[in-house]
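Please write a short report on this protein chain.

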Amino acid sequence: TPARSAGDIDRYYQTAYGSDYAGASTPARRKILRGMLGARDRLDALRPLLRPGAALLDVGCGAGELVYLARREGIAAAGLEPGTEYADFARRALGVPVQTGTVDTALVDAGSQDIVTMFHCLEHVPDPKRVLASVRRWLADDGHLVVEVPNIASTVSALIGAASSTRAASRAPLASATANHSCFASGSAAS
């Protein structure tokens, strides 16, 4: 398979990823409910880093659930989402500030963010180190970057353990990783 250009990748996430991943270009109610529950858990985990008025940018914010909940608690939260339909939904339905774009196209001032979160989005970029270097410039001197990526070793182990046959186990990881450019295992993202 030939390598895809950065433009092709950006267009895919802007227009087709939501449909491929969730089955719809705009989030379904079920996805929003599940997203709100997950965002509540993430916000609780971030609580030691949060203070009223803190600037938080959620990269790959999807439908904007974390941004919405953080803003309700007095956090100056905003989102960055490459998917046009999901970003539009966040702005229209949740009333939250979300830029449509990628780390490469975002308009974020250097040193302006107290916290940048990247929940399950770093695996979708072709050059994670370059993206992290860009995001680092957005952080204030005492800022925090919070990244969560799937652990491929854990995923493969769970799939193999749950598979009823070797043939089924060998196909499952391929089907689950079609949109991911990078895979991470415990400790691999630390360097």
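## Strands around E4

Strand E1 (residues 55–59) and strand E4 run parallel and are joined by four bridges. Helices (H or I, at least four residues) and strands (E, at least two) are DSSP runs, numbered from the N terminus, and two strands pair if DSSP finds at least two bridges between them. In this pairing, leucine 56 stands opposite isoleucine 115 of E4. This is a predicted model, in which local features need pLDDT of at least 70 and side-chain atom pairs count only at pLDDT 80 or more, while totals for chains, interfaces and linings use all residues. Residues are numbered from 1 along each chain as its sequence is written, and side-chain values use heavy atoms, with hydrogens and water left out.

E4 is also joined to E5 by six bridges, and these two strands run parallel. Threonine 117 stands opposite valine 146 in E5. Between E4 and E5 the chain passes through helix H6 (residues 128–138), in a right-handed β-α-β crossover (with the strands pointing away from the viewer, the path from the first strand over the helix to the second runs clockwise). Strand E4 (residues 113–119) is mostly covered, with seven of its seven residues buried (buried means under 20% relative accessible area, exposed over 50%, partly exposed in between, with a 1.4 Å probe and protein chains only).

Arginine 40 is partly exposed at 31% relative accessible area, and glutamate 73 is partly exposed at 32%. Arg40 and Glu73 also belong to a network of salt bridges with Asp44 and Arg47.

Arginine 42 bridges to glutamate 148, with the closest N and O atoms 2.8 Å apart. Here helix H3 is linked to strand E5 (residues 139–148), across 106 residues. Arginine 42 is partly exposed at 28%, as is glutamate 148 at 30%.

Which residue meets aspartate 88 in a salt bridge? The partner is arginine 91, at 2.3 Å from N to O. Both residues lie in helix H5 (residues 84–94), three residues apart, which is about one turn of the helix. Aspartate 88 is partly exposed at 30% relative accessibility, and arginine 91 is partly exposed at 32%.

Definitions and conventions. A salt bridge is a side-chain nitrogen of Lys or Arg within 4 Å of a carboxyl oxygen of Asp or Glu.
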